[in-house]
Amino acid sequence: MSNFHSIGTSVTRQDAQEKVTGRQRYINDSHFPGLLYAALKTSTHAHARIKSIDTSKAIKAEGVQAVLTGEDFPVTLGLYMGDKPPLAHGKVRYYGEPVAAIIANSEQEAKAALNLITIEYEELPIVSSVRGALEENAPLIHEDISKYKHIPAVIPEPGKNISNRTKIRKGDIRSGFEKADVIIEASFSFPPGDHVAMEPRVAIARISSKGDIVIKSTTQAPFIVKSLLGYNFDIPIGKINVESPPVGGGFGGKAGLQLEALVYLLSRSVGGRSVKLVNTREQDLVSSPGHIGMDADVKLGCTKEGELVAAELTYLFDGGAYADYAVNVSRAAAISCTGPYRIPSVSCDSLCVYTNHPFATAYRGFGHIELAFAIERSIDILAEKLGMDTMEFRLKNAIVEGDTSPTLHVLDANTGDLPECIRRAATMINWKEGSKLEVSANKVRAKGMGLLWKSPAMPTNTDAGVILTFNEDASINLQTGIVEIGQGTFTALAQIVAEKFKIDSDKVHVVEDINTKTAPHDWATAASRSLMMAGRAAIDASNDAISQLKRTASIVLRCPPDDLEVAHGRVFLRDEPKIGVPMEDVAIGYVYPNGNAIEGQVIGRGRYIARGLSGIDPETGEGHPELEWTLGAEAVEVEVDLIDGSYDVLKAVCCMDVGTLINPKLAHRQVVGALGMGLSFARNEGFLFNNREQVTNDDLRTHKILRYGEHPEYQVEFLTTPQGDGPYGARGLGEQGVVGVPGALSNALSRAIGKPLNVLPLTPESIWKTIKEVE
Amino acid sequence: MIPFDFQYYRPDTIEEATMTFKDLDAKKLSPIYYGGGTEIITQARKQVLSTGAVIDIKNISECKMHEESDGLLIFGAALTLTEIIEKNLFPFFSKVCRPIADHTVRNKLTLGGNICGKLPYREAILPLLVVDSKVVLAGPEGIREVPITKAFDKRLLLKKGEFFVQIKVPKDVVSLPYFNRRREKHTSVDYPIINIAAVKSESKFKMAFSGVSALPFRSQEVEDFINKKELPPEERVSNAINKLPLPIKRDQWASSEYRKALLEKSMNEMIADLEGVSL
């Protein structure tokens, strides 16, 4: 580590000042002459036939340019499965679904005219839970899913409310359980909810007179937006430019296709004029997709020595009314279904189920935070039944190099040291003093642990690119397709390039505003793969630029390029460092004293594409879909009032094996943020539904996320087992910190009260009820 | 964004305010008096509330009064909760105000708005209900001063066109032993699922409640049961709870069973705290 120049230093993030002082400009800060504003009328029903929509008054209202309904756009769109109309068509499938749009000269006029639209509904039977959706005579939310186009990896079941089923069959499940001395069965659940990113989604679309389309959007995935618009509307893809300036928080909620398709259609309806559509907070919570809900049934067996032998898992994901990313969340959960445990016999069916709930998209952890809640609770229940310390049980069964994943892929030397993570987490939380301690007659302190693992769920050909150009002072411009969503990858990429050139990272200027015409191709800023993949591309681009610099300098210095070294802003002879030229003299072409110029500017091109990935077998799940695994252990300490169920989280800790640390403070904050988000998820969050499946907490008055004053003490440690194919040995760490937290918290609270708490969120009242055993 | 237009008035005197109201009402503009706007703005944005005109009372000096005078503590209706908390003339009052909303909102949210708004909690009234305070109300027919127990019954009883100017609290109540317990569903910045504010005066409890039922209340009958000191505390508490003037409510924040359990726990804590009995 000490040999590094920039890697491993905690340089301040490049955007810190603009963001801390509130000067960062976001998309909704842009207003310009001629811009039109759209507003959405949303469904008040969870499932209803649209009998009629009267727009005649709204269209006559002041400033209104157009009023559009589902009839105007008879198409279905989607990310993996084309099941969603841009505006509800024929019927509404969830509370908050956009039904009509108004385009007006001002936001005020658009919103005022919403009241003039009258919609007549005829209520339909509601599917209010995944288990209800799977019942024999459940109402169908999508009558004919066989007509929808979908990618081959998604396997819907026509005639049912199942949008995808992923199967894992590892070993023989029957003989696996025959070896078990202790078996537990338990069920778990949590409701769908939202990411609550600080910036609500916004998109602006414009179509030029020659048909070029410009979409400006709060998106994590500008290239996916571009290709899906091209695919769905038959537009030559080169005519579409998607721009994505820094985004005020994504957490998965801004991946895929969000408002962009609708706002494109709206612009098209008014002759291509610029139209802006901004989600209200309420729409951002409910109308746009949130996080997935789940019901899980787990059967787990171990020997009397405490060795896990078999797991039979049923994951029922509540994807809500439309498939979106949910069908891949359920697939990712199958691929990683056991959590980081060595289990020889595994059977898992992971289903994505349609319900009349707001639909789900990617959420930080992508299937892993969900499965980990079920698995980590089950591990505690099993270890307790066996009579073994739950930490020791985890240590004994933690997955290590040479073990196989549920998809039968053998974990390699890059897997990291999970047992050491467990030991470190146990030390940080002081497991030795005991995992349940009495504080007073009615108060106990208790601890719980949860392990994490995560691999990116992404296409096998996921790629990234970096282009480096140079300024006259030899400072470097870095262009990539990664979007800044708060994660800080730009700073880490600057450090990687700075490392290659042995210069300060503030000499590397990252282009903040991504647009798909000038940025090199990229999959999406998702799956915690940006640092790993764009980092590799940055190294590749640096090497390319360095070889060009050496070539120009070799002409000037009259030496072979191979004898040269680039560092500290100079190009010089390796064995005679005093002989050299400043980088600025060769970065944009060398000019001789007489004015002759040679070679021209350096343009570094770098690329990376995932290596050796494959899909999975539809019957057994066998395959190699995971690029890298990040593993870790987390623990939580709580103090619980046994009379009323209220509790404080005292401390949350995490030890994660992240490979080489590019920027230790950024990494630390990323994990602290994840611990906080995981706690908020498990303690507070989730939609509340009334008996008509309307969301009753669709604003931030009622949908409570953790506030600053409510955070516990956080402690984070890292192990640095290098990722062999990662940039300087680094691996992804963006999402992972959330994964083990819900399990750890529910384990701590269950231990405190001596009864299982298997349902999230863990509100004091839910704990009180469990203590009292009242319904 | 508030998608409808409305008129804004900021009178300098009480009379101007009430006359403005009368005038706007005659024009069928459904005027409302306006304090900090935290509720009006948010409700108007959601179009739950609509009005043709607002009358901002923050420029009326009586509404901003915040002083001790002639043995009375005077709190103007347009004081923000932050001002009340920071000046701290009445620590019990400050304590009850502090957990209302969050700091940023309390910088705007006024005493009058909290008590006269549509939200059913009206927590700032609780400490004022249990001491002998008097409210000053102004309307087209003039100004009147009314004992709080007469002026407040689950809501401030305002006649049409009237607004809440200030409240006067006898200074000596500042020394009364007090108790406040506010419980939320989970996070502290939230509405109360129960809020009890109590003082002990001449060895008797006076208590006011919010969050427990549909509206805040004080009840003589409840206090009579709590003050039956010959009975054990648990019995006093359960008798009192059985006599609440409104049913214990059930909503998405809490079930009535949980509210009742918290009420029992808190009232027992109150007795222990103010009577010096250890539980």
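In the predicted model, B:Glu202 is located in the loop that links β10 (192–201) to β11 (204–210) of chain B. The phi angle of B:Glu202 is near 50°, a positive value in a residue other than glycine. Most residues other than glycine have a negative phi. With 6 other C-beta atoms within 10 Å, B:Glu202 is exposed, because a residue with 12 or fewer such neighbours is placed in that class.

A positive phi also occurs in chain A, at A:Phe366, where the angle is near 40° and the residue is again other than glycine. A:Phe366 belongs to the loop between β15 (345–354) and α10 (368–386) of chain A. In contrast to the exposed B:Glu202, A:Phe366 has 30 C-beta neighbours inside 10 Å and therefore counts as buried, the threshold for that class being 20 or more. A further backbone feature of chain A is the cis peptide bond between A:Leu760 and A:Pro761, for which omega is about -5°. Most peptide bonds are trans. A:Pro761 is situated in the loop between α17 (741–753) and α18 (764–772) of chain A.

As a whole, chain A contains 18 helices and 30 strands. Its radius of gyration is 27 Å, close to the 28 Å that the globule rule gives for 775 residues, so chain A is as compact as a globular protein of that length. Along the principal axes, the C-alpha atoms of chain A fill a box of roughly 90 × 75 × 50 Å. Of the 775 residues in chain A, 59% are buried. Among contacts in chain A between residues at least 6 apart in sequence, 78% join residues at least 24 apart.

In soluble globular proteins, nonpolar side chains tend to be buried together. The largest nonpolar core of the model comprises 326 residues, and those that touch the most other members are A:Ala38, A:Ile102, A:Val263, A:Leu266, A:Ala425 and A:Val497. The largest share of this core comes from α14(A), which supplies 12 residues. When neighbours within four places in sequence are left aside, A:Ile102 is in contact with A:Ala38, A:Ala39, A:Ala58, A:Val64, A:Val67, A:Ala110, A:Ala113 and A:Leu114.

The domain assignment of chain A gives domain 1 (16–23 + 462–609) and domain 2 (366–456 + 627–772). The C-alpha centres of domain 1 and domain 2 of chain A are 39 Å apart. Their contact takes 16 residues from domain 1 of chain A and 19 residues from domain 2 of chain A. On the domain 1 side of this contact, the elements giving two or more residues are α13 (489–501) and α14 (530–557) of chain A. The greatest contribution to that side comes from α14(A), with 6 residues. By class, the side of domain 1 of chain A that touches domain 2 of chain A has 7 nonpolar, 6 polar and 3 charged residues.

Conventions. Residues numbered from 1 in each chain as written. Chains lettered and ligands numbered in written order. Predicted model: local features only at pLDDT ≥ 70, side-chain atom pairs only at ≥ 80, totals over all residues. Helix = DSSP H or I, 4+ residues; strand = E, 2+ residues; numbered from the N terminus. Rg over C-alpha atoms; globule rule 2.2 N^0.38 Å. Contact = placed C-beta atoms within 7 Å. Domains from an automatic or database assignment. Nonpolar A, V, L, I, M, F, W, Y, C, P; charged D, E, K, R; others polar. Core = buried A, V, L, I, M, F, W, Y, C linked by C-beta atoms within 7 Å.
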